[in-house]
Amino acid sequence: MSAQSEVEELRKEFDDLQYLQNRQEEMLKRTEELAATPTADPLRAAELEELKKLQQEIAQQTSQLAQKLRREQKQNASRSAQRANQQMNEARETLEDENIAESIEREREALDELQQAQEEVQQELDSAEQRAQQQALTAAGLLVASLLERAKATRDETVRLEELRITAGKWTRSQLKSVQQAAEAQKQIAESVREAGKDLGSEGVMDLCLDLANEHFGSAASRLAERDTGATTQSQQLSGEALLQQFLTSLDSPDPASQPPAQIGEQQPQQGE
């Protein structure tokens with residue numbers, strides 16, 4: 001199971017425990033109201049029967065969840081849920097004996113155990129979310145490294161085409177086609193960077209790196225589509241590459257915020273590029 005799948009499963013189990021808590025809280029409230037109801041009240045017996053059935057139903061649901069947690073190796077949460085089930089069964093038995101005060105005590109114990117199980121699931125959820133985020137960062141790093149190589153190759157082609165234009169004064173038909181291909185390649189890089197940011201789904205410096213890189217590459221793609229292979233286009237390409245490189249560097253940095261993307265200005269092509 002992937003870390004993200006585990007996160008989704010744990011979130012569902014957390015919600016299931018919350019649902020059981022809500023039902024058990026309602027059970028406790030009604031039992032406390034029953035305790036305050038006079039014995040002679042004609043509705044008391046019917047309410048008592050309803051509460052017996054309700055507690056049995058909640059206990060069965062709790063037992064099923066405890067078994068599910070055990071199958072998934074969530075032993076601590078499973079044991080807490082099983083103890084909650086035991087308390088619920090005892091609460092129902094004391095209702096059978098019309099020992100309302102004792103039933104209330106057992107119901108409170110059941111609630112405590114459900115809350116404990118939820119806290120244990122939350123701890124596992126926190127760990128799973130960290131693993132899922134790390135997996136997402138690793139995958140994003142591999143993708144961004146690939147995009148950086150493609151971006152450099154596109155800039156190299158842009159430099160080559162600009163040098164040909166300067167030397168000959170114009171492009172041949174086949175060179176014009178190469179400019180169009182470079183523009184399309186640059187556009188695809190920009191789109192891939194944007195999608196990488198969406199897939200990562202995080203906030204902060206690394207997300208901003210991808211957002212800004214997308215803007216620079218998008219600008220370069222637009223200029224190439226207009227047959228501009230000059231210094232401004234190359235500067236946009238270099239700026240995008242610098243931001244991708246910062247993203248990769250941030251993956252290994254203990255404090256990626258120490259070098260915010262705002263420090264990266266528009267990069268100028270080196271002499272001869």
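1. Let's start with H3 and H4. The axes of helix H3 (residues 75-96) and helix H4 (100-168) come within 8 Å and cross at roughly 165°. That makes H3 roughly antiparallel to H4, a label used for angles over 145 degrees. Axes here are lines fitted to C-alpha atoms, for helices over the stretch in contact, and angles run from 0 to 180 degrees between N-to-C directions. The crossing of H3 with H4 is left-handed, that is, the near helix is turned anticlockwise from the far one by less than a right angle. The contact of H3 with H4 holds 11 nonpolar, 6 polar and 8 charged residues.

2. A word on the source: this is a predicted model, in which local features need pLDDT of at least 70 and side-chain atom pairs count only at pLDDT 80 or more, while totals for chains, interfaces and linings use all residues. Residues are numbered from 1 along each chain as its sequence is written, and side-chain values use heavy atoms, with hydrogens and water left out.

3. H3 also packs on helix H2 (residues 44-71), at an angle of about 160° and with the axes 8 Å apart. H2 and H3 are therefore roughly antiparallel to each other, and their crossing is left-handed. In the contact of H2 with H3 there are 12 nonpolar, 10 polar and 4 charged residues. For these classes, Asp, Glu, Lys and Arg count as charged, Ala, Val, Leu, Ile, Met, Phe, Trp, Tyr, Cys and Pro as nonpolar, and the others, Gly among them, as polar.

4. Now the whole chain. There are 7 helices and 0 strands, taken as DSSP runs (H or I, at least four residues, for helices; E, at least two, for strands) and numbered from the N terminus.

5. On overall shape, the chain has a radius of gyration of 32 Å, whereas a compact globule of 273 residues would be near 19 Å. That radius is taken over C-alpha atoms, and the globule rule is 2.2 Å times the number of residues to the power 0.38. Along the principal axes, the C-alpha atoms fill a box of roughly 105 × 35 × 30 Å.

6. Two loop residues deserve a look at their backbone. Most residues other than glycine have a negative phi. Glu98, in the loop between H3 and H4, has a positive phi of about 60°. Arg227 lies in the loop between helix H6 (205-225) and helix H7 (231-251), and its phi is near 65°. At 47% relative accessibility, Arg227 counts as partly exposed (buried is under 20%, exposed over 50%, partly exposed in between, with a 1.4 Å probe and protein chains only).

Note on methods:
Angles under 35 degrees count as roughly parallel, over 145 as roughly antiparallel, 65 to 115 as roughly perpendicular and the rest as oblique.
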